[in-house]
Amino acid sequence: HHVRPEYPAHLRAQGLEADVRLEAAVGVDGKVAWVRATNSAVHPDFVKAAVDCVKQWAYTPTRLNGTAIAIYVNVTITFRLE
């Protein structure tokens, strides 16, 4: 289950775009346990919108030899004006 990010209105109005790179930990239940940005040259409001979005995601639990395991994922959230 992936929720789409909300484009910060004031950044859209300024015509700004960004790619926010994130690392997230996904628990054995498939829920995102934590998220952090891995690129710092991005407006903090883009980072907040991206993190808030990814925190709501849910994955099918990853299994290793039939046992659910926690994993790390790298995600890029792209904010583009259309």
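## Strand pairing around β1

Strands β1 and β5 run antiparallel and are joined by nine bridges. Helices (H or I, at least four residues) and strands (E, at least two) are DSSP runs numbered from the N terminus, and two strands pair if DSSP finds at least two bridges between them. Within this pairing, A25 has Y72 of β5 as its bridge partner.

β1 is also antiparallel to β2, with five bridges between them. Here the bridge partner of L22 is A37 in β2. The two strands β1 and β2 form a hairpin with five residues between them, and G30 in the turn has a positive phi of about 85°.

## Basis of the description

The model is predicted: local features need pLDDT of at least 70 and side-chain atom pairs count only at pLDDT 80 or more, while totals for chains, interfaces and linings use all residues. Residues are numbered from 1 along each chain as its sequence is written, and side-chain values use heavy atoms, with hydrogens and water left out.

## Burial and the nonpolar core

Because seven of its nine residues are buried, β1 is largely enclosed by the rest of the structure. Buried means under 20% relative accessible area, exposed over 50%, and partly exposed in between (1.4 Å probe, protein chains only).

The largest nonpolar core has 22 residues, and those with the most contacts inside it are V20, L22, F46, V54, I77 and F79. At least two residues of this core come from each of β1 (18-26), β2 (32-37), α2 (44-54) and β5 (71-79). The largest share, seven residues, is supplied by α2. Such a core is a set of buried Ala, Val, Leu, Ile, Met, Phe, Trp, Tyr and Cys residues joined through side-chain atoms within 4.5 Å.

Leaving aside residues up to four places away in sequence, F46 touches Y7, P8, L11, L16, E17, A18, V20 and F79. Contact means heavy atoms within 4.5 Å.

## An exposed loop residue

N65 lies in the loop between β3 (62-64) and β4 (67-69). Its phi is near 55°, a positive value in a residue other than glycine. N65 counts as exposed because its relative accessibility is 80%.
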